Amino acid sequence: MPTSNTPSLPTFLGLPDAGESADLAIVCAPYDLTSTYGKGADTGPHALLTASRSVETWEEETGFDLESMRYSVRWPEDSAGFRQLAPEAMVQAMQSLHEQVLDAGQIGLGLGGEHSITYGQFAALKERHPDLSVLQIDAHLDLRDSYEGSRHNHACIAARFLEDGADIVQVGTRSCSREEAELVERQGLTPYWARHITGRVAYHREILERLAGHPVFVTVDLDGFDPSVVPATGTPEPGGLTWFDVTRLLAMIGRHCNVVGADITELAPHDNSRTSEFLAARLASKMIAYFWAPGRPQS
Ligand SMILES: [Mn+2]
């Protein structure tokens, strides 16, 4: 598994790559085959890492110094070939990378790449944590059983979570098909629609009741944010979450839940703005501080 020890690849926060001795592995998935509208998510991981060089290692909100942890950035063995894999083979490749990370006793933070990359990490974690729950920040329900011929299209990720018996909490929803809406009704799912929750925190308590006591996987599709906050994403749906909507929720999750893995997906960089990749890099630093900083406040 190649790491950022190769000088041409950016490291996380500009820190030296710790290789095998890392506490946390950043697993890159440069993949954008099934996305249907704006393309470019395959360049997301590189852009996020490049932006991370300009992120302070001192995390001001938590007072955590990210330099006190060791990071390794991992890429698929053959990145060019990886981009061309069918979704099913791509998911397999990601699962095996994430199994290596977990076998090494490291925490995995996945970087996409379109949202379909998430299933590999989810499957690796679900094997070790059968009662795994998922917190999904996303504009979309992603509950289609299959889309454009694949069950691992990026529009199907939540359908795969449910199929594997995971409880899912979806936050920031504002777009779905009639069939997905009917499934929500039928299965009694309770997505947190963006129009009901932006600017509010009262719903956090309900989420905690669902997630506390379970190992939690947090998957962030950056289109959960409002497009004015993250313009560089494949399907920029209006009416999304603010920076503080997302970070307050994740901070609360970090204080009360056992987060066993996370990812950030659907960063599709634009030539004309660095806003989105910098936000994504900053979000990565916050998630690490909230979820995994040794000695962080917990209750
Ligand atoms: Mn989405």
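The model is a predicted one. Helices α1 and α9 each meet α10, and their axes cross the axis of α10 at roughly 75 degrees for α1 and at roughly 25 degrees for α9.

**The nonpolar core**

- The largest nonpolar core holds 88 residues, and those that touch the most other members are Leu 24, Ile 26, Leu 48, Phe 217, Leu 267, Ala 280 and Ala 284.
- If its neighbours within four places in sequence are left aside, Ala 284 is in contact with Leu 48, Ser 52, Leu 109 and Ile 264.

**Helix α1 against helix α10**

- The axes of α1 (residues 44-52) and α10 come within 8 Å and cross at roughly 75 degrees, and because this angle falls in the range from 65 to 115 degrees, α1 counts as roughly perpendicular to α10.
- On the α1 side the contact involves Ala 47, Leu 48, Ala 51 and Ser 52, while on the α10 side it involves Glu 277, Phe 278, Ala 280, Ala 281 and Ala 284.
- Sorted by class, the residues of this contact between α1 and α10 are seven nonpolar, one polar and one charged.
- An α-helix has 3.6 residues a turn, so residues three or four places apart point the same way.

**Helix α9 against helix α10**

- The axes of α9 (residues 243-256) and α10 come within 7 Å and cross at roughly 25 degrees, and because angles under 35 degrees count as roughly parallel, α9 is described as roughly parallel to α10.
- The crossing in which α9 passes α10 is right-handed.
- In this contact Thr 247, Leu 250, Ala 251 and Gly 254 of α9 meet Lys 286, Met 287, Tyr 290 and Phe 291 of α10, and these residues divide into five nonpolar, two polar and one charged.

**Buried helix α4**

- Helix α4 runs over residues 118-128 and is largely enclosed by the rest of the structure, because eight of its eleven residues are buried.
- The buried residues of α4 are Thr 118, Tyr 119, Gly 120, Gln 121, Phe 122, Ala 124, Leu 125 and Lys 126.
- These buried residues pack against the helices α3 (87-103) and α5 (157-163), and also against the strands β5 (107-112), β9 (215-221) and β10 (258-265).

- Most residues other than glycine have a negative phi, and most peptide bonds are trans.
- A cis peptide bond, with omega of about 10 degrees, joins Gly 112 and Gly 113, and Gly 113 is found in the loop between β5 and α4.
- Asp 142 has a positive phi, near 55 degrees, and is found in the loop between β6 (133-137) and α5, where this residue counts as buried because 27 C-beta neighbours lie inside 10 Å.
- Glu 266 also has a positive phi, near 65 degrees, and is found in the loop between β10 and α10, and with 32 other C-beta atoms within 10 Å this residue is buried.

**An exposed position**

- Arg 178 lies in helix α6 (residues 178-187) and is exposed, with 7 other C-beta atoms within 10 Å.
- The C-alpha atoms of Arg 178 and Gly 112 are separated by 28 Å, and the two residues are 66 residues apart along the chain.

Note on methods. Residues are numbered from 1 along each chain as its sequence is written. This is a predicted model: local features need pLDDT of at least 70, side-chain atom pairs count only at pLDDT 80 or more; totals for chains, interfaces and linings use all residues. A nonpolar core is a set of buried Ala, Val, Leu, Ile, Met, Phe, Trp, Tyr and Cys residues joined through C-beta atoms within 7 Å. A residue is buried if 20 or more other C-beta atoms lie within 10 Å of its own, exposed if 12 or fewer, and partly exposed in between; C-beta atoms are placed from the backbone. Two residues are in contact if their C-beta atoms, placed from the backbone, lie within 7 Å. Helices (H or I, at least four residues) and strands (E, at least two) are DSSP runs, numbered from the N terminus. Axes are lines fitted to C-alpha atoms, for helices over the stretch in contact, and angles run from 0 to 180 degrees between N-to-C directions. Angles under 35 degrees count as roughly parallel, over 145 as roughly antiparallel, 65 to 115 as roughly perpendicular and the rest as oblique. A crossing is left-handed if the near helix is turned anticlockwise from the far one by less than a right angle, and right-handed if clockwise. Ala, Val, Leu, Ile, Met, Phe, Trp, Tyr, Cys and Pro count as nonpolar, Asp, Glu, Lys and Arg as charged, and the others, Gly among them, as polar.
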